[in-house]
Amino acid sequence: TLPSHTTLLTGLLPPHHGLRNNGAGALSGNTATLATLLADKGYRTGAFVGAFVLDRRFGLARGFEVYDDEVPRDPLAGAVLEAERPGREVIDRALAWLGREDPRPFFLWVHLYDAHAPYKPPPAWAARHRGRPYAGEISEVDEQVGRVLAELDRRGLAKKTVVAVAADHGEGLGEHGELTHGLLLYEPTLHVPLLLSAPGRLRPRAIETPVSLVDLAPTLAGLLGKALPVPAKGSLDGRDLSAALLDGGEPAAADVYAETQYPAIFGWSPLSALRRRDLKYISAPQPELYDLRRDPKEVANLATRRPAGEAARGFAARLAEIEAGAIAEPRPAAPDAETRAQLASLGYVAGAAPSAAGGEAPRSSPDPKTMIDLFQRFERANARLQEGAIDAALGELETLVAADPANPVFRGKLAAAWRDRG
């Protein structure tokens, strides 16, 4: 969530803005964002976020006059730690800000966190999507986005406001064994919506060419007639697609990058991926190459077949080039106790993971796709810990440590469970 949103706001890939995991580090004060650009151009700027994972301490508040990251404390919640708030509350705050009298043009960023595990949609949406709680949460998010669009229309702003709706990541929902997200780089978690509206300027249509979230900030700046400042340490990774979109054409094809450093926190190999049109390569101890047009479920690994093996080597070289340009900053300090606890309540493990040398996954580290069963069991045990069911979690954690003795997360969670048990 944090690396992806930083990419959305900066037009930089994670190796080049420096945030590789939730809770680890903060965006450099020298890095330009869409918010700092538009604030400098006289826009009033407001951000309203739904979860602690985007708390201001991680550096995204710069450029925003209002950065509302407050998660109200429920006095009836007892010892349960709260780190998110419902989308309807986020939208209430955002609409109140939008309604203030101010002649300046505005930039409003709204972050909705509802569609995360555990999936507990509001009763009305749960009833409408019985047995499909994730669909219920997506519908709730859709309704909240609709409230923003309706307010723009009511205020006569809809015809002169550029609107973008995007997801920072998707959910595995069991495909390739991944129930949620963060561990693997298959399409269920990477292929996300990107909806863009510029009334009177963009005609309704679907873009077939794969593009990236890194393209969004420079494209929005282009649609507004602004140029996103080039970072001091190099060029933007994202492309301004506005000219192609306004002309009614397709953007030129370009490589689409993805990564997850999350597995490294568990002592497993980080992953990176590159998509070039319909071919997609995943750098892992066991490399993968897929033809997404013929094999959209990513079942037939072509990496070891000729001539596909040649293509795989070309992808690997490009990934190494991207990683070689990673910003050389001191490794982020370990997250503090509050950060770790807040992220744990959201289902995340906090930590900073070292970058993979040269962009290639270390062959000595376990491949995350071979550890997916352990990861599923860990997610269940962590959920039980958050619910206070320590005894139920203890047995699961002990079997996890036995299965992967060197895993620092499993060992740490087991120690914490014994501590909480007394």
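The protein chain exposes about 19900 Å², of which carbon and sulfur atoms supply 54% (Shrake-Rupley method, 1.4 Å probe; for residues, only the protein chains shown count as cover). This is a predicted model, in which local features need pLDDT of at least 70 and side-chain atom pairs count only at pLDDT 80 or more, while totals for chains, interfaces and linings use all residues. Residues are numbered from 1 along each chain as its sequence is written, and side-chain values use heavy atoms, with hydrogens and water left out.

The protein chain has 15 helices and 9 strands (DSSP runs numbered from the N terminus: helices are H or I of at least four residues, strands E of at least two). A compact globule of 422 residues would have a radius of gyration near 22 Å, and the 22 Å of the protein chain agrees with this (taken over C-alpha atoms; the rule is 2.2 Å times the number of residues to the power 0.38). Further values for the protein chain are tabulated below.

| Property of the protein chain | Value |
|---|---|
| Box filled by C-alpha atoms, along the principal axes | roughly 60 × 60 × 45 Å |
| Buried residues, of 422 residues | 50% |
| Share of contacts with a separation of 6 or more that join residues 24 or more positions apart | 64% |

Here buried means under 20% relative accessible area, exposed over 50% and partly exposed in between, with a 1.4 Å probe and protein chains only. Contact means heavy atoms within 4.5 Å.

An open sheet of 4 strands runs in the order 6-7-8-9 with antiparallel pairing (two strands pair if DSSP finds at least two bridges between them). Strand 6 (256-260) and strand 9 (288-291) stand at the edges with a single partner strand each, so one side of each has no neighbour in the sheet. Strand 6 pairs with strand 7 (residues 271-276) in the antiparallel sense over 5 bridges. Across this pairing, Ala258 has Ala273 as its bridge partner, and Glu259 stands opposite Ser272.

Asn407 lies in the loop between helix 14 (390-403) and helix 15 (408-421). With 0% relative accessibility, Asn407 counts as buried. A polar atom of the Asn407 side chain lies 2.9 Å from the backbone nitrogen of Val409. Beyond its neighbours within four places in sequence, Asn407 is in contact with Phe266 and Trp268.

Technical notes
Polar contact = N/O pair within 3.5 Å; in protein donor to acceptor, adjacent residues only side chain to side chain.
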